[in-house]
Amino acid sequence: MKRGARTTPGPSQGGGLLVIGHRGASGHAPENTHAAFELAFEHGADGIEFDVRLARDGVPYVFHDARLERTAGVAHDADVHSSTTLSQMYAGHWFNRRFPNRAQMEYLWEKIPTLEQVFERYGQHTLYAEMKCEDVSRQPALARAVVELIHRYGLARRVIVKSFALDSLAEVKRLAPEVRTAALFGRSWPRPLVPTAHIIAEATNCGADEISLHRSLLREKTVEAAHGRGFEVLVWTVNSPAALRRARALGLRAVFTDFPGYLRETLDALLAEGNAGGEIA
Ligand code: G3P
Ligand code: CA
């Protein structure tokens, strides 16, 4: 095989298509909260994806945005606060206001989780932990903190670490070669259409095991090249049956969806059709 992916053993290596809850079941409950994570598993997700940031005191916590406004209602940067302060902030009120048809009273009490709480509660599942840190000087500290918790909870075979910051993934591999990693390539990174050769080279250079593409980058040629180098390929965000069928036809390993229950049902129906000799792609 040409130089390419690592093949670190883990839950996302080999096998059929996984349905992963993107920020949990974030279409039905406030993203990156226990409510969204628990619902994802109730709805039959194979795993969850969530975002990990580094609090001022060096504790990793689970939150998407660099600012607190959108989901915690505080007009301030997020990472400048201590984990104790962040853990006291409510992160579900916005969801009830934005999606009144899906609002639940109990979402009002959802708080920002720490990574440790997520590992404690869901460590038996497949967990995609996406490191986010705009301050490049703090990225190595985030990688170290994530690896330290993975080791403390014995989750090297359960957690796959993702990031757009590929140097951070290289740092994870340097510290813990036994942890699987996924290199992220988004719509706007580094320009609208990212060449396949660039994706493969960047993923190879940071020692990743998997390539995670925004759906706008999902091309047959890219997937074939990635598979040819031994990478598992993942795509986000997949919320429709048509996108799910395409992911399956291309032999992807995982789809990240805001509606894991809907995708699970759709995938099960496709599998049943396939078993009955029906057309799948
Ligand atoms: O895991 C891929 C995806 O979550 C990256 O985009 O903005 O949803 O974190 P975002
Ligand atoms: Ca994410």
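Modeller: One definition comes first: a residue is near a molecule if one of its heavy atoms lies within 4 Å of it. Keep in mind that this is a predicted model.

By that rule, the residues around ligand 1 are His-22, Arg-23, Glu-49, Asp-51, His-64, Glu-130, Lys-132, Lys-162, Phe-164, Leu-184 and Trp-236. Take the polar side chains that reach its oxygen atoms. Lys-162 has a polar side-chain atom 2.7 Å from an oxygen atom of ligand 1. For Lys-132, a polar side-chain atom lies 2.9 Å from an oxygen atom of ligand 1. In Asp-51, an N or O atom of the side chain is 3.3 Å from an oxygen atom of ligand 1. Ligand 1 is also well wrapped: on its own it has 290 Å² of accessible area, and the protein covers 90% of that.

Now turn to the metal. Ligand 2 is a calcium ion. Its donors are Glu-49 (OE), Asp-51 (OD) and Glu-130 (OE), at 2.1 to 2.3 Å. Along the chain, these donors follow the spacing E-x1-D-x78-E. Glu-49, Asp-51 and Glu-130 are also listed among the residues around ligand 1.

Stay with Asp-51 for a moment. Asp-51 sits in strand E2, residues 47-54. Is Asp-51 buried or exposed? Asp-51 counts as buried because its relative accessible area is 1%, and the cut-off for buried is under 20%. Glu-49 is buried as well. The side chain of Asp-51 has one more partner to look at: it makes a polar contact with the side chain of Asn-32, at 3.0 Å.

For contrast, look at two exposed residues. Val-136 lies in the loop between strand E4 (126-131) and helix H6 (139-152). Val-136 is exposed because its relative accessible area is 57%, and exposed means over 50%. Trp-109 is in the loop between helix H4 (93-98) and helix H5 (115-122). With 57% relative accessibility, Trp-109 counts as exposed too. Together with Tyr-90 and Met-105, Trp-109 makes a nonpolar surface patch of about 400 Å².

Technical notes: Residues are numbered from 1 along each chain as its sequence is written. Chains are lettered from A and ligands numbered from 1 in the order in which they are written. This is a predicted model: local features need pLDDT of at least 70, side-chain atom pairs count only at pLDDT 80 or more; totals for chains, interfaces and linings use all residues. Side-chain values use heavy atoms; hydrogens and water are left out. Donors are N, O and S atoms within 2.8 Å of the metal (3.2 Å for Na, K and Ca); water is not among the atoms, so sites may look incomplete. Buried means under 20% relative accessible area, exposed over 50%, partly exposed in between (1.4 Å probe, protein chains only). Patches are made of residues with over 30% relative accessible area and no salt bridge: like charges are joined within 9 Å, nonpolar side chains (Val, Leu, Ile, Met, Phe, Trp, Tyr) within 5 Å. Accessible areas come from the Shrake-Rupley method with a 1.4 Å probe; for residues, only the protein chains shown count as cover. A salt bridge is a side-chain nitrogen of Lys or Arg within 4 Å of a carboxyl oxygen of Asp or Glu. Helices (H or I, at least four residues) and strands (E, at least two) are DSSP runs, numbered from the N terminus. A polar contact is a pair of N or O atoms within 3.5 Å; within protein, one must be able to donate a hydrogen and the other to accept it, and residues adjacent in sequence count only if both atoms are side-chain atoms.
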